[in-house]
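Morning, everyone. Please have the sequence and the 3D view open. I will keep this short.

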Amino acid sequence: MSIEVKNLTKSFKDKTVLDNVSFKVDDGEILAVVGLSGAGKSTILKLICGLTKPDSGEIIVSEGDIAMVFQYSALFDSLNVYENIAFALKERKEFKKKYSEDQIKEIVAKNLKTVGLEGIENKMPHELSGGMQKRVSFARAIVTNPSTILYDEATAGLDPVSSTIIEDYIVRLRNELNATSIIVTHQLSTIKRCADKVIMLYNEKIVYQGTPQDMIEGGNEYTRQFVTASIEGPMKAASSD
Amino acid sequence: MTSFAKLFKQSATYNLGKLLALQLEDFFETLGEIGIRFWHVLRLIARGKLNWRHIIEQCSRFAVDSLPITLSIVGMTCIIIAMQVAPEMVKQGGEKYVGALMAITITRELGAIMSGFAIISMIGSAYASEVATMRVTEQIDALKVLKVDPIEYLFVPRVVAGFIMMPVVVIFSSTIGLICGGVASFLSAHVSKLNYISSVWQGLFIKDINVALLKSSFFGAAIALISCVCGYLAYGGAKGVGLATTKAVVWSFVAIAIIDYIIAAIFFF
Ligand SMILES: Nc1ncnc2c1ncn2[C@@H]1O[C@H](COP(=O)(O)OP(=O)(O)OP(=O)(O)O)[C@@H](O)[C@H]1O
Ligand SMILES: [Mg+2]
């Protein structure tokens, strides 16, 4: 259940987003991907789960379901919370056979409890706040017991308490399912709490690879700028081009 | 040389040409995608990938939601035709043929095509904007990640519903059209009820009805497919959704005109 990315290159029209990027995430490991806005973090996740094709390079993901928590939740807006979370279980043959309606109800209720949102089964996505949508999206992603989980800013926009709940759950999922995870995040607290490894993207390349502790305490000039949130440093916030 | 190139790039000819090239590219992309998705949907149907729960849901939406609009459009058109034609025909001694004329007009052409227009504006546009919104808000990506085929989940039930329900819509609207035509003939030219009804019977041919039903099935499926495809190709936010919807409506109009022509050519010439 590992993820291996080899010499990945991806561009949109004439703009290169990733240039010859390679990294590896081992079984049951949690990798944090950081970088400024527009660095290509979401793009990497979309490449790994097969939503976009790389221009060149190779992505090897071992067997099993890949789940993804989208940056903007991407809940099905014509379905209520229950139907959103139960979606894969109801639409996919292998689960349809496995679970009865009652069992599905139970699973949904359990997952909602996990994210601290009991009893909102009948609400529609537009009736929820952004943070609640995020958490429902999280509950939807993990319903199939995936072996690889990609989190695109799963804790962004959440209050600190909900954030911690999700972070703990990310770690718990790794412990229980031995899931391999990649988390994209801007929050140092999330990195500290969850990640085993960190990579940092800038200007189409990986500019740092190391452990969370090393990144926060030492690292290199890039991570120092990131950690201290300083304008001074090697990185310039992306302009419009 | 460079300044000439610069000037040329600013010229209307160049920009018009560029615009035309973009339009052409878009045209062929859409056409190709419609072709590809048509086969895709057919293959899924042939493999029995039919979720009847979704199909029935779409059926009720397709027919029930659109019925008021369809009935009023077809009804109004028939009233107008009867008002224009019935007095003339009565003047020339053709009172006995008013019903037949209405029946032939409606079964051969009007019922299906006017219902088609109504369905495009009600259902086609809704399908397109729905699928387009799902595209630009990454809901389609979410479907794929959850390993649910968007074509199977979104396209197939809609296309099948269109194929099944469009004839039903056309039967209803044509019946209403005939009734409205009769009332309008009576009010505008005093064509008697008895005269009108017996004349309608003479103007109704089994072949016309069969062809109309077949044609409307194709209309329904085509509208659903084209609307879904246009939505599926959308990109770039609210404006993209708007463009996709417009495109779906325009393409659907053209498509049913072409299908209408082909079917008329096959069965009536
Ligand atoms: N579909 C697309 N078409 C064109 N360019 C794109 C597309 N998707 C992403 N990009 C470009 O690729 C770059 C990386 O985008 P990406 O969404 O991966 O950034 P990110 O690191 O996730 O940023 P953020 O932290 O703001 O979410 C951006 O410059 C963006 O403009
Ligand atoms: Mg992103």
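I will take the ground rules, then the sheet, then the interface, then the salt bridges.

This is a predicted model: local features need pLDDT of at least 70, side-chain atom pairs count only at pLDDT 80 or more, and totals for chains, interfaces and linings use all residues. Residues are numbered from 1 along each chain as its sequence is written, chains are lettered from A and ligands numbered from 1 in the order in which they are written, and side-chain values use heavy atoms, leaving out hydrogens and water.

The sheet, then. Chain A has an open sheet of three strands, ordered S2-S1-S4, with antiparallel pairing. Strands here are DSSP runs of E, at least two residues; helices are runs of H or I, at least four; both are numbered from the N terminus. Two strands pair if DSSP finds at least two bridges between them. Which strands stand at the edges? Strand S2 (15-25) and strand S4 (56-61) of chain A do. Each has a single partner strand, so one side of each is left without a neighbour in the sheet. On average, neighbouring strands of this sheet are turned by 20° against each other, direction ignored. The axes are lines fitted to C-alpha atoms. Now S1(A), residues 3-12: seven bridges join this strand to S2(A), and the two run antiparallel. One pairing to look at: A:Glu4 has A:Lys24 in S2(A) as its bridge partner.

Next, the interface. Chain A puts 21 residues into the contact and chain B 18, with contact meaning heavy atoms within 4.5 Å. The two chains bury about 1600 Å² between them, 57% of it on carbon and sulfur atoms. That is accessible area (1.4 Å probe) lost on being put together, summed over both parts. On the chain B side, B:Glu138, B:Val145 and B:Leu146 lose the most area to chain A, together 38% of what that side buries.

How many salt bridges cross between chain B and chain A? Three, by the rule: a side-chain nitrogen of Lys or Arg within 4 Å of a carboxyl oxygen of Asp or Glu. B:Arg53 forms a salt bridge with A:Glu91, with the closest N and O atoms 3.5 Å apart. Helices H3 (52-65), H5 (98-136) and H6 (139-145) of chain B each give two or more residues to the side that touches chain A. H6(B) gives the most, with six residues.

Last, the whole structure. Over all chains there are 21 salt bridges. A:Glu167 and A:Arg193 meet in one, at 2.9 Å, N to O. This pair links distant parts of the chain, 26 residues apart: A:Glu167 is in helix H6 (residues 160-177) of chain A, and A:Arg193 is in helix H7 (residues 188-194) of chain A.

Methods: Axes fitted to C-alpha atoms, helices over the stretch in contact; angles between N-to-C directions.
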